[in-house]
Amino acid sequence: MAHAIQLAELGRYTTAPNPCVGCVLVQGERVIGTGYHRRAGEPHAERLALAAAEAAGENPARSTAYVTLEPCCHHGRTPPCTDALIAAAVRRVVVAMPDPNPLVAGRGIAQLRHAGIAVTVGVLDRAAQLLNLGFCKRMTSGMPFVKCKLAASLDGRTALASGESCWITGEAARRDVQRWRARSAAIMTGVGTVLIDNPALTVRINPETGIELTDLHQWPQPLRVITDSQLRTPPTAQLLHLPGKTLIATGADVNNERAAALIAAGAELFACELNTDGRIELTALVRELATRGCNEVLLETGATLAGAAMQAGLIDELIIYLAPHLLGDSGRGLFTLLGIDRMNQRIELEWQDVRQVGNDLRLTLRPINAA
């Protein structure tokens, strides 16, 4: 199963909106076939492992299949994997975790058992869940897994008072961020960040090879999402003129000349409800991204949007790059958090990981009340 999980990890950047899945076929003490799901619309891990066994001259009958996720039993863009396993006459299937997709959700396991195949469930299930946090959350709650990436000085400042922030962290940390972008279906920022930094929000490095892309079309670009209640995004913003799509969530009129200019520049406008403060209703927007098949959303923004997302309970994980320098008291902070007047109102976090990336530290934390 550990081997199957390693295989599944190879599809980390390419399978969305499908989950990462790996499969290992074993006969006696020998591995006779392996496979992993590469991308949506292509064969699933189980079928690839069976094909690999047959290509090697092996007969998968009476073998044991180790698979990281319950085999599918429904017709999507590919046929059911349960049918393939039954037709191959495998003796046993070991499943790391049930599939949370309502179209499967135990039915695949039941179908295999009905066909006389022994099924064991729950082997390295936690490791399998970590492979597909976004997929699992979207299937069970209708919401994506939201990561918030921030870079700060040692004294917790994300920019100078003027807004200048290039560059707080070193080259190694910035390259590391490219991996988070590549595995995300969408990158969200606020219009304030667009106006101040004019960011690209693109994947510029192949995350599998570490080689810089000579053409941004060489890698699928995440959906870029801007929260812009008053439609202040300039049509000249560079992210509107780069490969990939840009979605602007707004509460403003989407039928005026400014909206037309943004649409002409390549943006898609999404009329989103506003909260009582006149800002984008973030929960509704994030839910909309889930309906578009987004498993993981990366929040790259300033203190206002980051704070609003945190207080709305939308952030599942924080990734903070901490640089070894000081920007002083007048610098901008990590989060704008309103209404915290007493210690018992603080937002508590738990450590997930701390490691050095170049000359910076990468801190990974999760809100204790996160999904």
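**Close-up views of a predicted model**

**Figure 1. The boundary between domain 1 and domain 2.** Between domain 1 and domain 2 of this predicted model, the count of salt bridges is 0. The division of the protein places residues 1-132 in domain 1 and residues 142-367 in domain 2. Taken over C-alpha atoms, the centres of domain 1 and domain 2 lie 35 Å apart. Contact between them involves 9 residues of domain 1 and 10 residues of domain 2. The size of an interface is often expressed as the accessible area that is lost when the parts come together. Here, about 700 Å² is buried between domain 1 and domain 2, and carbon and sulfur atoms give 49% of that area. On the domain 1 side, Arg12, Tyr13 and Pro17 lose the most area to domain 2, together accounting for 73% of what that side buries. With both residues at pLDDT 80 or more, 1 residue pair is in polar contact between domain 1 and domain 2.

**Figure 2. Surroundings of Arg183.** Arg183 belongs to the loop that runs between helix H7 (171-182) and strand S7 (186-190). Not counting residues up to four places away in sequence, Arg183 touches Arg12, Tyr13, Lys147 and Glu296. With one of these residues, Glu296, the side chain of Arg183 makes a polar contact through the side chain, at 3.0 Å. Two of the residues touched by Arg183, Arg12 and Tyr13, are also among the residues of domain 1 that lose the most area to domain 2.

**Figure 3. The salt bridge between Glu300 and Lys149.** Side chains of opposite charge can pair when their charged atoms come close. Glu300 and Lys149 form a salt bridge in which the closest N and O atoms are 3.3 Å apart. Glu300 lies in strand S11 (residues 296-300) and Lys149 in strand S6 (residues 145-153), so the pair ties together parts that are 151 residues apart in sequence. Glu300 and Lys149 are both buried.

Figure 4. The side chains of Glu317 and Arg366 meet in a salt bridge with an N to O distance of 2.8 Å. This pair links distant parts of the chain, with Glu317 in strand S12 (residues 317-323) and Arg366 in strand S14 (residues 360-367), 49 residues apart. Glu317 has a relative accessibility of 6% and counts as buried; Arg366 is likewise buried, its relative accessible area being 14%.

**Figure 5. The salt bridge between Glu42 and Arg39.** A salt bridge brings together the side chains of Glu42 and Arg39, with an N to O distance of 3.5 Å. Glu42 is partly exposed at 29% relative accessibility. Arg39 is also partly exposed, with a value of 38%.

**Figure 6. Cys72 and Cys81.** The search of the whole structure finds 0 disulfides. Cys72 is in no disulfide, and the nearest cysteine sulfur, that of Cys81, is 3.7 Å away. Because a disulfide requires cysteine sulfur atoms within 2.5 Å, the 3.7 Å between the sulfur of Cys81 and that of Cys72 is too far for a bond. Cys72 is buried, with a relative accessible area of 6%, and Cys81 counts as buried at 1% relative accessibility.

**Figure 7. The two ends of helix H9.** At the start of helix H9 (residues 257-264), a side-chain oxygen of Asn256 reaches to within 3.3 Å of the backbone nitrogen of Arg258. Just after H9, Gly266 takes a positive phi of about 110°.

**Figure 8. Pro234 and its contacts.** The loop between strand S8 (223-227) and strand S9 (246-250) contains Pro234. Pro234 is partly exposed, with a relative accessible area of 22%. Leaving aside neighbours within four places in sequence, Pro234 is in contact with Val194, Leu195, Leu240, Arg258 and Leu262. One of these residues, Arg258, provides the backbone nitrogen approached by the side-chain oxygen of Asn256 at the start of helix H9. A separation of 14 Å lies between the C-alpha atoms of Pro234 and Ala200, which are 34 residues apart along the chain.

Terms used: Residues numbered from 1 in each chain as written. Predicted model: local features only at pLDDT ≥ 70, side-chain atom pairs only at ≥ 80, totals over all residues. Heavy atoms only, no water. Buried < 20%, exposed > 50% of the residue type's maximum accessible area, 1.4 Å probe, protein only. Helix = DSSP H or I, 4+ residues; strand = E, 2+ residues; numbered from the N terminus. Polar contact = N/O pair within 3.5 Å; in protein donor to acceptor, adjacent residues only side chain to side chain. Contact = heavy atoms within 4.5 Å. Salt bridge = Lys/Arg side-chain N within 4 Å of Asp/Glu carboxyl O. Domains from an automatic or database assignment. Buried area = accessible area lost by both parts, 1.4 Å probe.
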